[in-house]
Amino acid sequence: MWSDLLKPWQVCLELAWEAYCDDCYPIGAVVTDADGNVLARGRNRIYENARHGRLPGNEIAHAEVEAMQALDHATVDQHTCILYTTTEPCPMCMGMFYMSGLRTLHYAARDPFAGSVNMLGTTWYLNRKPIKVVGPLDPLIEMILVALFVEQDCGFHDGRLPAGPFYPRLAEVVSPGIAFGKRLWRSDQLRQMRQAGITFDEVFNQLILLVQ
């Protein structure tokens with residue numbers, strides 16, 4: 001349940017819900033110190049304030065970028081800081097993470113389409129630093145995060161998922177999350193919770209009961 005999650009994950013998930021409620025991709029990220037204190041936070045803002053038209057916005061406004069840019073690098077030892085993110089980082093975010101001086105990355109859900117933790121060690125340069133990557137976090141949490149994406153996309157495409165390679169690749173890894181997201185769309189439960197302004201701690205606990 002929500003109370004079992006570490007504080008960095010709670011904040012990440014709250015930020016992902018905030019992004020979802022703003023019709024942006026439901027991804028949240030934080031940077032913490034070695035003791036888990038949240039130093040900086042960010043969430044996806046690609047379609048911020050675009051509403052249901054999903055007009056192109058700032059394509060580099062990713063959660064991880066926002067969090068790492070918000071970090072006051074002058075006051076911390078970046079080598080001891082940790083990046084937490086709800087979704088496996090894309091190539092841009094992995095590159096920024098590698099260049100940032102941070103050494104530890106935790107992600108909650110895999111992204112077999114754009115996820116790029118496998119970039120590490122692929123070149124001489126990307127093999128120089130002692131990077132530690134931990135993820136995914138937990139199967140149930142991964143299902144919930146995938147379901148947020150799916151339910152949101154169904155909402156923008158009249159109950160259907162858009163064509164293309166993303167969902168077939170995702171189905172190879174987290175097919176139950178896709179099914180759960182479709183079920184949430186049909187039930188209208190997630191949109192009702194959003195409209196009611198329910199905070200994500202309560203949303204999360206309800207989703208955990210639904211997914212089990």
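Strands β3 (residues 82-87) and β4 (residues 104-109) pair in the parallel sense, over five bridges. Thr 85 stands opposite Tyr 107 in β4. Two strands count as paired if DSSP finds at least two bridges between them. Strands (E, at least two residues) and helices (H or I, at least four) are DSSP runs, numbered from the N terminus.

This is a predicted model: local features need pLDDT of at least 70, side-chain atom pairs count only at pLDDT 80 or more, and totals for chains, interfaces and linings use all residues. Residues are numbered from 1 along each chain as its sequence is written, and side-chain values use heavy atoms, leaving out hydrogens and water.

Now the whole sheet. Five strands form an open sheet with mixed pairing, in the order β2-β1-β3-β4-β5. Its edge strands are β2 (38-43) and β5 (132-134), each pairing on one side only. Neighbouring strands are turned by 15° against each other on average, direction ignored. Helix α2 (residues 63-70) lies across β1 (28-32), β2 and β3, and runs at about 145° to β2. Such angles run from 0 to 180 degrees between N-to-C directions, with axes fitted to C-alpha atoms, for helices over the stretch in contact.

Thr 104 lies in β4. Thr 104 is buried, with a relative accessible area of 16%. Buried means under 20%, exposed over 50%, and partly exposed in between (1.4 Å probe, protein chains only). Leaving aside neighbours within four places in sequence, Thr 104 is in contact with Cys 81, Ile 82, Leu 83, Phe 97 and Lys 132. Contact means heavy atoms within 4.5 Å. Thr 104 and Val 133 are 29 residues apart in sequence, yet 5.9 Å apart in space, C-alpha to C-alpha.

Next comes helix α7. The buried residues of α7 are Phe 200, Val 203, Phe 204, Leu 207, Ile 208 and Val 211. Seen down the axis of α7, they fall within an arc of 135°, so they line one face of the helix. The arc is taken from the directions from the helix axis to the C-beta atoms. These buried residues pack against α1 (7-21), α4 (139-156), α5 (166-187) and α6 (189-195).

The largest nonpolar core has 58 residues; Val 31, Leu 190 and Phe 204 have the most contacts inside it. A nonpolar core is a set of buried Ala, Val, Leu, Ile, Met, Phe, Trp, Tyr and Cys residues joined through side-chain atoms within 4.5 Å. Helix α4 gives the most to this core, with ten residues.
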